[in-house]
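Dear colleague,

I am handing over the structure we spoke about, with the sequence placed alongside. Please look it over first, and then read my notes on what was found in it.

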Amino acid sequence: MTILSTRGLSKSFAGLKAVQGVDLNLPKGQIRALIGPNGAGKTTLVGLLCGRIAPTAGTVMFDGQDISNLPAHKRINLGIAYTFQVTSVFANLSVDENVALAARRRFSDAKVAGVVRDALEKVGLFDRADQNAGDLSYGHQRLLEIAMGLAQQPRLLILDEPTQGLAEAEVTDFKALVRDLAKTATVLLIEHNMSVVMELADQVTVLNFGQILAEGTPAEIHANQLVQAAYLGTG
Amino acid sequence: MSDLRKTALLHFGILALLFGLQFILPAYHHGNLARIMVLASYAIGFNILFGYTGLLSLGHALFFAAGMYGMGMSVHLFEFSPAPALISGLVVGVIVSAAVGFLALRTAGVAFMIVTLMFAQAGYLTILYFGAFTRGDEGFVIQQSERILWGIDLSDATNRYFAAWVLFSVCLIFTLKLVQAPFGKTLIAIRENEERARMLGYDVFSRKLVAVILSGSMSALAGASYGLLFGYVGASFATVQYSIFPLLWVLLGGAGTVLGPLVGTLFMFYLIDLSSGVTSAYMLIAGVVLVLLTLYAPQGLAGELRARVWRWLP
């Protein structure tokens, strides 16, 4: 059962082909890692999926529905959650208000407090609920981003470099968190930390120059000559 | 005591104080305060858009005047009594703000400021152009006989004060409830980080449009009340000056605070009133004080109070 699929998805910026003809199939419940060298078009691709960026060509299907023409907020309301690559929290609002804003879209007012508490406890920020989000360390802001994703209880969670700036112990916690989450949601994560990719992902998609270079299990990708060449610049 | 209780206590306390002041104030200040409460209602409306949603309009005089003329023209041309005239002013305000919001929200930032400013100028020139009906620059007086609402003569100082207090209370309580409700919190989220709010699934455009309509309609209600209470409708209220006033009041009092508009309006009114008693160069004194405030209290008076003492202030 496929939750998300794209056909011929492309995006050009003034002649630069950032994403070209991507056919992606994401089965329900999978943890999929999206990797590739810098500038490969990973963030553009997920931007196309959640509607931040309008495609030049191609279609996006979510849960059997063509969402290519839906604005971002409607896609989010269908059950897609997106966490930003560059931390984008509400810096002047409290940590719990940040998560509450995420939760209110999905839950009735009575349930919001409980959902917020759950999400904050999962990422270990509950004792900082009253602080201003802007006063948190960078790593904690990353965790807050993830908590905002969790609070939406999405069907598809898109994480753009979630472990960037996290300490080693926090990365370990993060892995457990995503495994737990994958029981109820599909996860698409852009990741540079290879230990995270190797341990978490069911499948890996490699993007290079806006095109899918290879797809397979982490072990297959690890052994793939083309992927090694793309990363190391040999051949 | 919970923050909600403290908030309720403070705001209702201020309303009670304003109500009580009418019994002890001398006639001059009594009249001033009635005027300040109506103008502060205008500033509260402006603050919904500027302080809470983060959209700076330079054309709010259009909404103030829309209410004032919506009320005044219905009295002037169709001999409406005050209650339907006020409603007519409010309806015109809703329509004008919906139309302006729908068009102006296609822009953002500086462009939004310019577009709203242009709409307001167009509104002002429209009033002058139809001078045959509106009496243009000269304006027209709402006669005492036309200002009797349910048997209450609004030209009487006591009744006028009471009416201004009711208007101000309605605007203040409405805004307080608004910013405590999920909808108001969404507006704050849009102010803080619009793209993030959008990517949490909020329809940012429609919420900003509702904010423009709420803000514009409250400004229109204040404009309609001003015309009715003080008996005069004129094009000077549609000039750019009346778009800048609420911005000044709100900045001084504290943008994004419920009490800021009142504090700012009161402060500015008496600053000019007192300094003009001392010297004919009163604008110089006012200017220096404004510069000092911007330097040492950049968040406005109520804003600084929130930053330093009462963090719970809404």
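Predicted model: local features only at pLDDT ≥ 70, side-chain atom pairs only at ≥ 80, totals over all residues.

Residues are numbered from 1 along each chain as its sequence is written, while chains are lettered from A and ligands numbered from 1 in the order in which they are written.

Chain A has 9 helices and 11 strands, where helices (H or I, at least four residues) and strands (E, at least two) are DSSP runs numbered from the N terminus. Among these elements of chain A, the lowest mean pLDDT, 78, belongs to helix α9 (residues 225-232), and the highest, 92, to strand β9 (residues 186-190).

As for overall form, the C-alpha atoms of chain A fill a box of roughly 55 × 40 × 35 Å along the principal axes. Of the contacts in chain A with a separation of 6 or more, 65% are made by residues 24 or more positions apart; a contact here requires C-beta atoms, placed from the backbone, within 7 Å.

Turning to the contact between the chains, chain A contributes 15 residues and chain B 13 residues. On the side of chain A that touches chain B, the elements giving two or more residues are α2 (72-77) and α3 (95-104) of chain A, and α2(A) gives the most, with 4 residues.

In chain B, helix α12 (residues 260-278) has 19 residues and should span 27 Å at 1.5 Å a residue, which agrees with the 27 Å between its end C-alpha atoms; the expected span is 1.5 Å times one less than the number of residues. Its buried residues, including B:L262, B:V263 and B:M268, pack against α2 (27-52), α11 (241-253) and α14 (301-308) of chain B.

Finally, not counting residues up to four places away in sequence, A:A147 touches A:V99, A:A119, A:L120, A:K122, A:V123 and A:L125.

With best wishes

Methods
Buried ≥ 20, exposed ≤ 12 C-beta atoms within 10 Å, placed from the backbone. Contact = placed C-beta atoms within 7 Å. pLDDT = per-residue confidence, 0-100.
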